[in-house]
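Please examine the model shown below.

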Amino acid sequence: MKEWLKISCLLCVFGFVREIRPSEPYVTEYLLGPWRNITEQQLIQDVYPVGTYSHLVQLVFVFLITDFLRYKPLIITIGAAGVIIWSMLIWTTSLLSLQILEFFYGTYMAAEVAYYTYIYAKVDKKYYPRVTSHTRAAMFAGKLISGITSQLMINLELMNYRQLNYITLATQILAMLWAFGLPKVDKSLYFHREVLEESSTAPPSANQLQMEPDAVSQQIRSPQVESAPMHLLWQHFHNAYTNPRVIQWSLWYAIGLAGYLQVTYYMQVLWKVIEPEPQIAWNGAVDAVLTALAALSALAAGYLHSGRLRPKTTLLVLSVLSALEGGSVLICCWTNDIYWSYVGFVIFGALYGFTITVASAEVARNLQEESFGLVFGINTLLALVFQSLLTIIVVSETGFELSPVDQYAVYAFYFIAVALIYFISVLVEHLWQRGSKQVHAKSECLE
């Protein structure tokens, strides 16, 4: 087996195992069940927001140290944080312990950036598209297996909501142990670059000395300049975010991700409001179907988008899909039938899988350097800022403290507003370009 494929497979095993968390579709059912003595209001206002804020704050630090620590320690941290989280879910009962484990959940999610960027430091650039698809597919597969497993265990009455946590704990232990076996990263993009190529570390040869002194000096010094981490970070940041297209698509990515995180984070609470005591909660099956459709729509986006759509057409398509995302969220909350809410959530997930894939591809297409990790890390950080603002405004006591149904109405109109803003921007850009062409044509006629 080729070395790049071997490394990809090793990382994919970690991603697959980590995503097998059958307790997650039922975490709200578990926390509001007889095993914990907390209310729905405490869960919404005192527990879940801690995870959101923790994720935001820790991502700043994780983002800075991932490259410095060369990825692998952060991947091990993901597994270790998972072990802590599900151990505390099983063997603690207080509200404070829930808030502490939400802090570790922030660590668990923030360190995920190492999983996505590790492979880029280990394989040649020409394999990037393939290894990216491998790592994404592994996570989708794990999540699909997780949803099916949880639903079967509940329907067949083999386990209750609490016992599902034992399976999740076992997979997190396995993922952590597997992470120790991943190959070390010898060099990274910013902090551990090769300072000098082998040819430039040796003293200048006679032929080199015949060159202009400045040229020899530049040949020897330039790799060292490139290896200065902060200089290179700033250069990549500046080149990316002075590009209007990168800014445009980065905003779309961040706004879309923020809305998706908020919708998925509190959906189980909404279902609990619609159906307080379900005979059978189909959360696991819904997660499985949503994962399968999101994977298919992401593949479809990659096929349809690659070179087939112009930028303005792409924006128009995504504006329509964003409006449909808002409509599907309205289906989730403006119904008293839990099954219609399930349908709305599945449609939302499938549409999101398409839009986020297109936005990611557009960001990557407009980047000049190998700065994918940097740009997507910053975009994710921006998404978490938006998500935290949504939480403060909509959920917290300092904000409007809306009911779950009203919260989801806000999230729905959030996506609809995004669609309108981008539709108007496309229209304005089109009119401006049309006007410019007419002015140019008139000036040519006058000449």
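Predicted model: local features only at pLDDT ≥ 70, side-chain atom pairs only at ≥ 80, totals over all residues.

How are α3 and α13 oriented to each other, roughly parallel or roughly antiparallel? Helix α3 spans residues 40-69 and helix α13 spans residues 244-274; their axes cross at roughly 170° and come within 11 Å of each other. Angles over 145 degrees count as roughly antiparallel, and α3 and α13 are therefore roughly antiparallel to each other. On the α3 side, the contact is formed by Glu40, Leu43, Ile44, Tyr48, Pro49, Gly51 and Thr52, while α13 contributes Tyr265, Tyr266, Val269 and Val273. Sorted by class, the residues in this contact of α3 with α13 comprise eight nonpolar, two polar and one charged.

These two helices belong to a chain that has 18 helices and zero strands. The chain consists of 447 residues, of which 47% count as buried. Among contacts in the chain with a separation of 6 or more, 84% are between residues 24 or more positions apart.

A second pair of helices shows another arrangement. Helix α12, residues 229-241, packs with helix α17, residues 372-395, at an angle of about 70°, and the two axes are 10 Å apart. Because an angle of 65 to 115 degrees counts as roughly perpendicular, α12 and α17 are described as roughly perpendicular to each other. Their crossing is right-handed. The residues that make the contact are Leu233, His236, Phe237, Ala240 and Tyr241 from α12, together with Leu374, Val375, Ile378 and Asn379 from α17. By class, the contact of α12 with α17 contains seven nonpolar and two polar residues, and no charged ones.

The remaining point of interest is a single residue. Glutamate 29 lies in helix α2, which covers residues 27-31. Is glutamate 29 buried or exposed? The relative accessible area of glutamate 29 is 9%. Since buried means under 20% relative accessible area, glutamate 29 is buried. Leaving aside residues up to four places away in sequence, glutamate 29 touches Trp35, Tyr161, Gln268, Lys272, Pro278, Ala281 and Asn283. With one of these residues, lysine 272, the side chain of glutamate 29 makes a polar contact of 2.8 Å.

Notes: Residues numbered from 1 in each chain as written. Heavy atoms only, no water. Axes fitted to C-alpha atoms, helices over the stretch in contact; angles between N-to-C directions. Helix = DSSP H or I, 4+ residues; strand = E, 2+ residues; numbered from the N terminus. Parallel < 35°, antiparallel > 145°, perpendicular 65-115°, else oblique. Contact = heavy atoms within 4.5 Å. Nonpolar A, V, L, I, M, F, W, Y, C, P; charged D, E, K, R; others polar. Buried < 20%, exposed > 50% of the residue type's maximum accessible area, 1.4 Å probe, protein only. Polar contact = N/O pair within 3.5 Å; in protein donor to acceptor, adjacent residues only side chain to side chain. Left-handed = near helix turned anticlockwise from the far one by under 90°.
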